[in-house]
Amino acid sequence: MKRTALAASAALLLLPLTGCGGSAAAGDGKNVTITVGYQSKTINTVTAGTLLRSLGYFEKELNALHDGHTYKVDWQDYATGAPITAQMTAGKIDIGSMGDFPLLINAARGKQLGKPTHLVSVTGYNLRGGLNTIVTSPDSKLTSLADLKGKKVSTSVGSAADGTLVRALQRAGIDPEKGIEKLNQQPAVGASALSAGSADALSQFVAWPGLLAFQGKAKALYDGAELNLPTFHGVTAREDFAKQRPAVLEAFLKAQSEATDYLNAHPVAAAESVAEATGLPAEVVYLYNGAHGISTFDPAIKPQLVSALKQDVSVLKTAKLTGDIDVDSFVDEQYVKKALGTDYAQRLAATPPASASASASASASASASASASANEVWPKGAEKTVTFKSPAELLSYVARHKDGIRAAYVPDATTGTLWFADKAVWVADGDRLLPFVAPATARAYVDGHGGARVITYAEALGRAS
């Protein structure tokens, strides 16, 4: 598909929508409606959407304002960030959450239409890029990015997953425009295309890769964390709304922080709650949002994430989806700083678990040691998970409790990306059993360690038992 066609398709998604909901922050003076756009199934936005809504924290904070207004929150659920941006620029959504690439399009579209928006907080992030994954069908013969040359690859143009695809192909020496046939599809459509065989691979964001793998409908081909570039989702607000109702925006950000604390303190309960609201399996939600999940939740706008946004601009410009974007003027920390007070500096300095930021250049043994607590089993009927010091110990437990396991999670031995133990690529290296998300990273380890070899999950279980 030609670049112009892709750009046109993406642009159509950004056209303002009409007839959907009332005016943002609308009301008769005393009664005020605040409209929040969110993506229920994009589960690393839950602290600003699905989980926040279920907990009722925003409504509670609004009631505590005692400013003479009666507030109502209108929660609007969307599949992607593009329609949220369209509604924001039409003045119909006050606050929205979306991924890093859609955030940039949000910034560009707002400036273009004279209705600027600002990034006011972060929801979930991964400093290496592990939130995006390229998958293939379970019976696919494709084993590396090089195999994608000339193939049909589904993604959502302008999304973070598209950015991962573009960069990964470039590193593999494949022209992302001419080297593959890119299919610009919504995640659900792309998933169906992969199952039907009309797409050879699918590059998507959380939670689609994990969901399809869990369902046995896909297997990982490329772990986005191999790029070692941060990816995240965040909260954007209309500038006019923020200036007119700063206390309301601060109330939202306080509520988001409270939802973040709840998720971190009660990861299993939070996963169950999000699963119930979205229809996603709780095991998939926990893969991303769990105690040692792929996503780290923190509302602070970290410098690493701002730097990543600046690097992302060139990808969107090359695809002719945006022009230059002034990222520094788009980022506005003032509201979250005020909302969180003295806690903000501490959150800003906080680092994610070792498993979420493991160095790809580290040895597998060192990485496995650093992310020991990420070896995690969710027993059936349990309200808490069980952690293990090594993948081998986890496998030994699983082998002894085969009928009592709801899910088992292990970190990739080089990137630290969490994955389902039974979907991982396993390598035996002497007495060590090492998991990998994708076959290429497993093969790279084997090539660099004499005597190491890829084994099946069943063989790994047998060795550990």
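Modeller: Let us begin with a helix pair. The axes of helix 10 and helix 11 (residues 267-278) come within 5 Å and cross at roughly 110°. Helices (H or I, at least four residues) and strands (E, at least two) are DSSP runs, numbered from the N terminus. Axes are lines fitted to C-alpha atoms, for helices over the stretch in contact, and angles run from 0 to 180 degrees between N-to-C directions.

Colleague: How are helix 10 and helix 11 oriented to each other?

Modeller: Angles under 35 degrees count as roughly parallel, over 145 as roughly antiparallel, 65 to 115 as roughly perpendicular and the rest as oblique. Helix 10 and helix 11 are therefore roughly perpendicular. Tyr262, Leu263, Asn264 and Ala265 of helix 10 meet Pro267, Ala269 and Ala270 of helix 11, where contact means heavy atoms within 4.5 Å.

Colleague: On what basis do these values rest?

Modeller: The model is predicted: local features need pLDDT of at least 70, side-chain atom pairs count only at pLDDT 80 or more, and totals for chains, interfaces and linings use all residues. Residues are numbered from 1 along each chain as its sequence is written, and side-chain values use heavy atoms, with hydrogens and water left out.

Colleague: Which residues have the most contacts inside the largest nonpolar core?

Modeller: A nonpolar core is a set of buried Ala, Val, Leu, Ile, Met, Phe, Trp, Tyr and Cys residues joined through side-chain atoms within 4.5 Å. Buried means under 20% relative accessible area, exposed over 50%, partly exposed in between (1.4 Å probe, protein chains only). The largest such core has 61 residues, and those with the most contacts inside it are Phe58, Leu119, Phe232, Leu249, Phe252, Leu253 and Val327. Helix 10 (residues 246-265) gives the most to this core, with seven residues. Leaving aside residues up to four places away in sequence, Phe252 touches Val36, Ala48, Leu52, Phe58, Ile95 and Val235. Another core, of 41 residues, lies apart from it and includes Val268, Ala271, Leu287 and Ala374.

Colleague: In what order do the four strands of the open sheet lie?

Modeller: Strands of a sheet pair through backbone hydrogen bonds, either parallel or antiparallel. Two strands pair if DSSP finds at least two bridges between them. Here the order is 14-13-15-16, with antiparallel pairing. Strand 14 (386-388) and strand 16 (418-420) are at the edges with a single partner strand each, so one side of each has no neighbour in the sheet. The twist averages 25° from one strand to the next.

Colleague: How many bridges join strand 13 to strand 15?

Modeller: Four bridges join strand 13 (residues 375-379) to strand 15 (residues 405-411). Trp378 stands opposite Ala407, and Pro379 has Ile405 as its bridge partner. Strand 15 also pairs with strand 16 over three bridges, and Pro411 is partnered by Leu418. These two strands form a hairpin with six residues between them, and Gly416 in the turn has a positive phi of about 85°.

Colleague: Is strand 15 mostly covered or uncovered?

Modeller: Six of the seven residues of strand 15 are buried. Helix 12 (residues 282-289) lies across strand 13, strand 15 and strand 16, at about 25° to strand 15. Helix 18 (residues 391-400) lies across strand 13, strand 14 and strand 15, at about 20° to strand 13.
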